[in-house]
Each structure stands twice: as C-alpha cells, then as structure tokens.
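Keep the structure open beside the text as you read.

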Amino acid sequence: VTHSIPACISNMTINSKQPDSESPVSIFAVNKCYVTVQDGTFFDGSGFAALVREGYKVRSDVNITLEFRTTAVHGVLLGVSSAKVDAIGLEIVHGKVLFHVNNGAGRITAMYEPKATNNLCDGKWHKLQANKTKHRISLIIDGNLVQTDNPYIQSTSADTNNPIYVGGYPADMKQNCLTSKSSFRGCLRNLILTKGQHAELFDFSRAFDLRGVFPHSCPGAE
C-alpha cells in the first residue's frame with residue numbers, strides 16, 4: 001500500500017496511551033474530521049490543486065462544468081495559461097463569477113452578477129458551466145445564461161499546453177486570464193472538461209500537486 005487512507009481516525013492508543021494529536025512533530029495533508037460530510041473536495045483557502053502535469057490544450061473549443069459551495073466573495077476557480085497571453089480563467093470576484101478567455105488577440109470576459117452580492121456565496125451548492133466555442137464564450141450559472149460580444153472574431157484558438165490550476169495557483173506562476181490572487185475557500189465537485197465528444201471528469205486525489213486541498217470529502221453545510 002503506497003497511498004494514504006481517505007478516512008477519519010480517532011481514539012488511537014499506543015501501549016494504552018493516546019498520542020498528542022494536537023501538537024504533532026510533523027503533519028502533511030491531514031485535516032480535521034467533520035461532524036457531517038458531503039461528497040466533494042474541500043479547499044481551505046490557502047492553496048490549489050494542479051492537474052494535467054503534461055499540459056492541457058484548450059485550443060478552439062472547451063466546455064467546463066463544476067459545482068461550487070462557498071461563503072467567500074473572492075476566489076480563483078480555475079485557470080489554464082500559456083507563457084504568452086493565450087489563456088482561460090474562472091474566478092469569483094466581489095460575489096460575481098467571471099469567465100475570461102484570451103485567444104491571443106485580447107481578453108474577453110463573460111460575467112454573471114447575482115441580484116445580491118452574497119447570492120452565490122451563501123454556502124449552498126451552485127452549478128457553473130463555462131463554454132468557449134472558437135471566439136464565442138458563454139457562462140451559465142444555475143441555469144442563467146450570460147454571453148458576451150467578442151471584437152476579435154478572427155482569433156479563435158487559445159494555444160495552451162499547460163497545467164490546469166484549480167482553486168488557486170503558485171505565486172511564481174503567472175495566469176493571464178485571472179485577476180484574483182485569492183485562493184478559493186469552500187468545496188468543489190464534478191469538475192468536467194469536455195472537448196467535442198470527449199468528456200473528462202477530474203479526480204482531485206490524482207492531482208500532481210495539492211496544497212491546502214482535501215480531495216475526499218468536504219464539511220457539511222452549516
């Protein structure tokens with residue numbers, strides 16, 4: 001066995017004595033046990049998950065779906081960015097959801113603004129779908145569609161070959177289609193990226209880098 005157990009452990013004794021779990025000598029990827037849990041991945045607001053080490057090619061078309069639950073009005077959801085300007089980004093800024101795309105000619109943004117600032121940051125699950133089809137982009141939040149005009153209609157491909165950062169990104173890693181540096185705090189689940197007929201469900205436990213992310217469960221809603 002080479003991997004950790006996705007579980008809670010309590011009341012452990014060694015030679016009839018309980019180890020001091022409150023002040024361990026070292027700790028790695030261990031979180032508190034929750035009284036109630038939900039399916040999903042918990043992001044504690046300090047880090048990120050890095051997926052597809054070999055690089056993800058956005059190119060002309062991609063459809064992103066995920067569900068999120070948070071009480072924070074700021075936070076990075078997802079970013080894929082080349083070293084040049086080509087990139088995509090999803091983020092929550094002041095309680096609004098923004099989907100940014102740069103196909104090389106300039107950034108365009110689809111923005112969903114709820115009626116109240118905390119509508120999407122109410123600790124309840126919300127479904128997000130972000131679609132890029134050549135130069136067109138759209139954003140659907142809980143069934144509400146937002147589209148935006150793109151003046152750069154000749155530019156259709158976001159030429160990336162870079163990791164997918166979810167919930168944040170390293171300080172030394174530039175993300176050309178994200179304005180926020182705030183790591184996401186809350187829960188994510190059912191992250192699916194679809195290109196054509198190929199849909200890929202991403203398992204956060206298989207991320208090549210996890211910081212402040214606990215992939216097997218998230219605390220139940222308060």
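Is Lys-96 buried, partly exposed or exposed? Lys-96 is partly exposed, because its relative accessible area is 25%, where buried means under 20%, exposed over 50% and partly exposed in between (1.4 Å probe, protein chains only). Before going on, please note that this is a predicted model, in which local features need pLDDT of at least 70, side-chain atom pairs count only at pLDDT 80 or more, and totals for chains, interfaces and linings use all residues. Residues are numbered from 1 along each chain as its sequence is written, and side-chain values use heavy atoms, with hydrogens and water left out.

**Charged pairs**

Side chains of opposite charge can pair when their charged atoms come close. A search of the whole structure finds five salt bridges, a salt bridge being a side-chain nitrogen of Lys or Arg within 4 Å of a carboxyl oxygen of Asp or Glu. Among them are these:

| Pair | N to O distance |
|---|---|
| Lys-96 and Glu-113 | 3.9 Å |
| Asp-203 and Arg-206 | 3.8 Å |
| Arg-211 and Asp-209 | 2.9 Å |

Lys-96 and Glu-113 meet in a salt bridge. This pair links distant parts of the chain, 17 residues apart: Lys-96 is in strand E6 (residues 96-102), and Glu-113 is in the loop between strand E7 (107-112) and strand E8 (126-133). Strands (E, at least two residues) are DSSP runs, numbered from the N terminus. In the pair of Asp-203 and Arg-206, Asp-203 counts as partly exposed at 38% relative accessibility, while Arg-206 is exposed at 71%. Arg-211, the partner of Asp-209, is partly exposed, with a relative accessible area of 43%.

**Backbone angles to look at**

Most residues other than glycine have a negative phi. Val-52 has a positive phi, near 60 degrees. Val-52 lies in strand E2 (residues 41-56) and is buried, with a relative accessible area of 17%. Asn-190 also has a positive phi, near 55 degrees. Asn-190 sits in strand E12 (residues 185-195) and is partly exposed at 41%.

**A nonpolar patch**

Ile-5, Ile-9, Met-12 and Ile-14 make a nonpolar surface patch of about 440 Å². Such patches are made of residues with over 30% relative accessible area and no salt bridge, with nonpolar side chains (Val, Leu, Ile, Met, Phe, Trp, Tyr) joined within 5 Å. Ile-5 lies in the segment before strand E1 (37-38) and is exposed, with a relative accessible area of 58%.

**Pocket and cavity**

On a 1 Å grid over the protein atoms alone, a cavity is a set of points where a 1.4 Å probe fits but cannot get out, and a pocket is an open set with protein on both sides within 12 Å along at least five of seven lines; lining residues have an atom within 4 Å of a point. The largest pocket has a volume of about 1,700 Å³. Of the 35 residues that line this pocket, the closest to its centre are Ala-7, Phe-28, Ala-29, Val-30 and Asn-31. Strand E14 (residues 209-214) gives the most to the pocket lining, with five residues. The largest cavity has a volume of about 30 Å³. Lining this cavity are Val-101, Asn-103, Ala-105, Gly-106, Ile-108, Asn-150, Tyr-152 and Ser-155.

Methods: Patches are made of residues with over 30% relative accessible area and no salt bridge: like charges are joined within 9 Å, nonpolar side chains (Val, Leu, Ile, Met, Phe, Trp, Tyr) within 5 Å. Accessible areas come from the Shrake-Rupley method with a 1.4 Å probe; for residues, only the protein chains shown count as cover. Helices (H or I, at least four residues) and strands (E, at least two) are DSSP runs, numbered from the N terminus. Grid points are joined across faces, edges and corners, and a volume is the space filled by probe spheres set on the points.
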